[in-house]
Amino acid sequence: MGFGRRTFLQLAGVGAVGLTGHDWSRLRLDGRLVLPGDADYDRVRLPFNLVYSGNKPAAVALCAGEADVARCLEFAARNRIPVAARGGKHSYAGYSTPADGLVVDLSALNRAQVSGDRVVVGGGMRLRELYEELGAAGRLLPAGTCATVGIGGLALGGGISVVGRRHGLTCDRLRAARVVTPDGVVRRVAADADEDLFWALRGGGGGNFGVVTSFEFETSPAGDLVVFSLSFPAGSAVDVLGAWQEWFASAPDELWTACEVRAGSPTPVSIAGTWSGPETGLTPWLNRLAARVRPTRRQVRVLSHLVAMRYFAGCEVSCPPVRGASFVASSRFLAKPADPAKVVALLTGKRAGWAQFDSFGGTIGRVPVTATAFPHRDAFASMQAYVDVGLVDQAEARRTVAALRDGIGGGTGYVNYIDPDMPDWATSYYGPNLPRLREVAARYDPDRVLAFAQGVR
């Protein structure tokens with residue numbers, strides 16, 4: 001027998017009890033419980049955002065199924081242990097890896113079943129695998145572009161996609177879900193069953209009300225998608241961002257687009273987007289933009305929806321290995337066009353970082369603000385501020401992100417780009433829907449089993 005750290009802990013009488021004083025032997029799983037001292041603990045515990053790689057949970061439960069999830073929540077409630085669900089690990093603030101808490105890892109709940117216009121998706125499934133399943137059935141679900149993001153965190157916070165103006169948010173397609181609430185009860189929620197909880201799950205943020213073990217979404221037929229990208233000359237960022245905002249404001253639902261301004265001197269700028277329809281419909285719109293700001297490069301491709309999702313994920317040829325990243329990020333929703341000169345000034349001379357603006361409106365904006373928990377229906381666009389830590393240190397990254405977030409203003413933000421430094425975060429993320437969300441949280445989690453630093457309470 002090898003005499004490693006795990007062996008020492010067991011011989012010392014603390015292996016099952018663990019370093020936090022909890023008797024983990026009482027948590028019996030069909031899956032596996034990973035504890036400090038296990039050979040793969042450091043690999044298993046790591047979040048995607050490595051800024052939070054120092055977070056050391058007391059245990060990671062690799063759940064084999066829904067029953068394990070219920071056991072974990074019951075154990076956490078009984079022992080007053082911080083607990084968080086984890087799908088793709090992509091919590092921007094590392095909240096899915098609570099220090100000295102219990103991670104409920106859902107990665108084994110990763111199957112999808114397509115039937116007609118519906119798909120039932122396991123709570124731990126990642127977008128790369130989900131898109132392959134949907135593509136094989138000729139269906140689409142509006143969702144994100146990062147291959148390793150989990151469907152759970154994405155859908156529960158809203159779900160911005162590259163076809164959102166045509167097909168809505170991910171949460172708008174949710175028709176039912178199976179949820180384990182903190183009392184260990186498994187519930188099927190829908191418009192006619194636990195309707196307040198169902199409402200909260202559509203934009204109320206992950207980790208606030210229960211652990212979703214499966215989602216049922218309505219899908220649409222997947223046709224071809226026209227994908228375009230435009231590059232512009234150095235020094236044109238102010239003109240490009242200004243023209244882009246005016247351009248898409250009157251565009252039809254078929255057009256989704258994003259504009260990215262990067263740090264530098266001068267600041268590079270680019271535009272990308274999709275058109276849900278024949279290429280002939282897009283051409284006049286691109287020509288209209290080019291009449292205002294002429295691109296140096298214009299690329300247009302017609303792809304199947306599946307190949308387009310692979311393209312945006314960087315997986316068109318083959319997917320890169322799953323790796324973490326170190327970054328600081330935040331967000332704002334814009335009620336009106338941003339001041340292009342101010343945006344560019346905030347990034348000019350900076351060593352790292354970018355601001356990406358995504359077009360809103362269309363189908364997203366036709367859903368009433370209180371119909372789901374996602375409150376930003378009247379947004380003109382969203383903005384994500386992002387800085388890689390490594391290109392600059394964390395302190396500089398936080399200063400750059402804060403300057404973008406607070407300089408652009410607006411008082412709102414996207415919970416899926418959760419920012420531990422967001423001013424008045426609860427109102428920023430949930431707006432007028434916050435009081436009802438607090439009522440739902442108090443009803444289903446009165447003992448705050450799922451509490452975390454920016455949890456609804």
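The radius of gyration used here is taken over C-alpha atoms, and the globule rule is 2.2 Å times the number of residues to the power 0.38. Keep that in mind for the first view, and remember that this whole model is predicted.

**Figure 1. The whole protein, from end to end.** With 457 residues, a compact globule would have a radius of gyration near 23 Å, and the protein comes in at 22 Å, so the two agree. Along its principal axes, the C-alpha trace spans about 75 × 50 × 45 Å. If you trace the chain, you'll pass through 14 helices and 18 strands.

Figure 2. How much of the protein is buried? Buried residues make up 56% of the 457 residues. The accessible surface comes to about 18300 Å², and 50% of that belongs to carbon and sulfur atoms. Now look at who touches whom: of the contacts with a separation of 6 or more, 70% are between residues 24 or more positions apart.

**Figure 3. Phe374 meets Tyr414.** Two rings count as a pair if their centres lie within 6.5 Å, and planes over 60 degrees apart make the pair edge-to-face. By this rule, there are 17 aromatic pairs. Here's one of them: the ring centres of Phe374 and Tyr414 are 6.4 Å apart and their planes are at 80°, so this pair is edge-to-face. Phe374 lies in the loop between strand S17 (354-359) and strand S18 (381-388), while Tyr414 lies in the loop between helix H12 (394-408) and helix H13 (425-430), so the pair ties together parts that are 40 residues apart in sequence. Are these two residues buried or exposed? Phe374 is buried, and Tyr414 is buried too.

**Figure 4. A cluster of rings.** Ring pairs link Phe374 and Tyr414 into a cluster with Tyr92, Phe327, Phe333, Trp354, Phe360, Tyr386 and Tyr417.

**Figure 5. Arginines over tryptophans.** Which residue has its charged end over the ring of Trp285? That's Arg288, with its charged end 4.2 Å from the ring centre. In another spot, Arg436 lies over the face of Trp199, at 4.1 Å from the ring centre.

Figure 6. You'll find Ser229 in strand S12 (residues 224-231). Buried means under 20% relative accessible area. Ser229 has 15% relative accessibility, so it counts as buried. What does Ser229 touch, leaving aside its neighbours within four places in sequence? Its contacts are Ile271, Ala272, Arg297, Arg298 and Gln299.

Conventions:
Residues numbered from 1 in each chain as written. Predicted model: local features only at pLDDT ≥ 70, side-chain atom pairs only at ≥ 80, totals over all residues. Heavy atoms only, no water. Phe/Tyr/Trp six-rings, centres within 6.5 Å; stacked < 30°, edge-to-face > 60°. Helix = DSSP H or I, 4+ residues; strand = E, 2+ residues; numbered from the N terminus. Buried < 20%, exposed > 50% of the residue type's maximum accessible area, 1.4 Å probe, protein only. Lys NZ or Arg CZ within 6 Å of the ring centre and 35° of its normal. Contact = heavy atoms within 4.5 Å. Areas by Shrake-Rupley, 256 points an atom, 1.4 Å probe, with all protein chains shown as cover.
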